[in-house]
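These are my notebook entries from a first look through this structure. I went from one part to the next and wrote down what I looked up.

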Amino acid sequence: MLENTNRTLTAAAARLRLYNTATHNTSEFTTVTPGHVGMYVCGATVQSSPHIGHIRAAIAFDVVRRWLLRLGYTVTFVRNVTDIDDKIIKKASENGQTWWQRAYIYEREFTKAYDTLGVMPPTVEPRATGHINDMVELIQRLIDRGHAYAITDANGNPTGNVYFSVPSWQDYGALTHQNGNSDDNNSADKADKADKYNPVDPADASPDKNDARDFALWKAPCDFDQKDARWNTPFGAGRPGWHIECSAMSHRYLGDAFDIHG
């Protein structure tokens with residue numbers, strides 16, 4: 001999905017350098033596909049009205065996108081909407097709303113804020129609920145490859161909870177320089193601690209987890225759940241954990257590799 005397939009890169013494009021989170025430095029910007037930039041920006045979890053943090057992120061990546069277009073790149077810009085989430089469900093229940101009603105009310109507020117500030121609309125703006133099948137397929141792939149595990153009850157039946165196994169991925173956390181799996185970080189208690197960038201969420205804590213750092217890919221129904229806020233899967237009925245949502249949607253629209261993730 002390209003915005004303009006008849007563009008020519010300017011001379012300045014060859015000198016473009018961007019900050020690289022992995023190296024903590026700027027580096028030459030080289031795209032996966034010459035002349036085209038794939039960008040995925042995590043959008044809003046539409047639980048309530050937008051605040052300055054949401055707006056700052058929208059404007060910052062809008063500036064990056066506009067500059068890339070000015071340099072002659074074509075840009076596929078994907079910004080998702082997280083319209084299913086524990087906070088959405090809980091706040092909706094507290095206010096006598098359905099979860100989808102609350103999500104749509106605040107999705108419209110975000111769109112209005114973006115439009116008011118002149119933020120360009122994304123090339124595509126997928127909703128998490130429209131990509132449940134993508135998420136289930138991705139979770140199954142992770143299970144098959146030993147990077148995730150489903151929780152079963154005493155009778156061997158799926159409970160609806162699936163966790164990503166952090167220790168199974170040797171380089172997990174390397175991007176943020178918080179790699180608890182590295183050989184020089186093998187303290188006896190590391191399995192009992194959460195790292196800086198993946199703290200244990202009390203709402204997500206479970207004695208079923210193999211490691212405190214493991215996080216939910218799929219969640220079983222909870223005590224504040226709404227009956228239609230769940231989908232049937234091979235892992236049991238439930239809803240996606242927010243970690244898997246952007247992974248599935250970015251892969252759906254940008255493929256295995258893309259250039260900028262914000």
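Entry 1, helix 3. I began with the length of helix 3 in this predicted model: at 1.5 Å a residue its 18 residues should span 26 Å, and the C-alpha atoms at its ends are 26 Å apart, which agrees. I then looked up which of its residues are buried, and found W99, R102, A103, Y106, E107, F110, A113 and Y114. Seen down the helix axis, these buried residues fall within an arc of 130°, so they line one face of helix 3. K112, D115 and T116, on the other side of helix 3, are exposed. I also asked what covers the buried residues of helix 3; the cover includes helix 1 (52-70), strand 4 (74-79) and helix 2 (86-94).

Just after the helix I noted G118, which takes a positive phi of about 80°. L117 lies in the loop that runs between helix 3 (99-116) and helix 4 (132-144), and I put it down as partly exposed because its relative accessibility is 47%. Together with I59 and V63, L117 makes a nonpolar surface patch of about 250 Å².

T45 sits in the loop between strand 3 (36-41) and helix 1, and with a relative accessible area of 25% it is partly exposed. Leaving aside neighbours within four places in sequence, I found T45 in contact with T82, D85 and I88. T45 and Y106 are 61 residues apart in sequence, while their C-alpha atoms are 9.0 Å apart in space. My other loop residue was S165, between strand 6 (158-164) and strand 7 (215-219). Is S165 buried or exposed? Its relative accessibility is 13%, which is under the 20% limit, so S165 counts as buried. Again leaving aside neighbours within four places, S165 is in contact with H147, A148, Y149 and D214.

Entry 4, salt bridges. My search of the whole structure gave seven salt bridges, and I wrote up some of them. R66 pairs with D62, their closest N and O atoms being 2.7 Å apart, and both residues lie in helix 1, four residues apart, or about one turn of the helix. R66 is partly exposed at 39% relative accessible area, whereas D62 counts as buried at 7%. D86 forms a salt bridge with K219, with the closest N and O atoms 3.3 Å apart; this pair links distant parts of the chain, since D86 is in helix 2 and K219 in strand 7, 133 residues apart. For R230 and D225 I noted a salt bridge with the closest N and O atoms 3.1 Å apart; R230 is partly exposed at 28% relative accessibility, and D225 is buried at 15%.

Entry 5, the whole chain. I ended with the overall counts: the protein chain has five helices and nine strands, and along the sequence they follow the pattern β-β-β-α-β-α-α-α-β-β-β-β-α-β. Of its 262 residues, 41% are buried. Among contacts with a separation of 6 or more, 68% are between residues 24 or more positions apart. The accessible surface comes to about 14300 Å², and 51% of it belongs to carbon and sulfur atoms.

Technical notes. Residues numbered from 1 in each chain as written. Predicted model: local features only at pLDDT ≥ 70, side-chain atom pairs only at ≥ 80, totals over all residues. Heavy atoms only, no water. Patch = residues over 30% accessible without salt bridge, like charges linked within 9 Å, V, L, I, M, F, W, Y side chains within 5 Å. Areas by Shrake-Rupley, 256 points an atom, 1.4 Å probe, with all protein chains shown as cover. Salt bridge = Lys/Arg side-chain N within 4 Å of Asp/Glu carboxyl O. Helix = DSSP H or I, 4+ residues; strand = E, 2+ residues; numbered from the N terminus. Buried < 20%, exposed > 50% of the residue type's maximum accessible area, 1.4 Å probe, protein only. Expected span 1.5 Å × (residues − 1). Arc of directions from axis to C-beta. Contact = heavy atoms within 4.5 Å.
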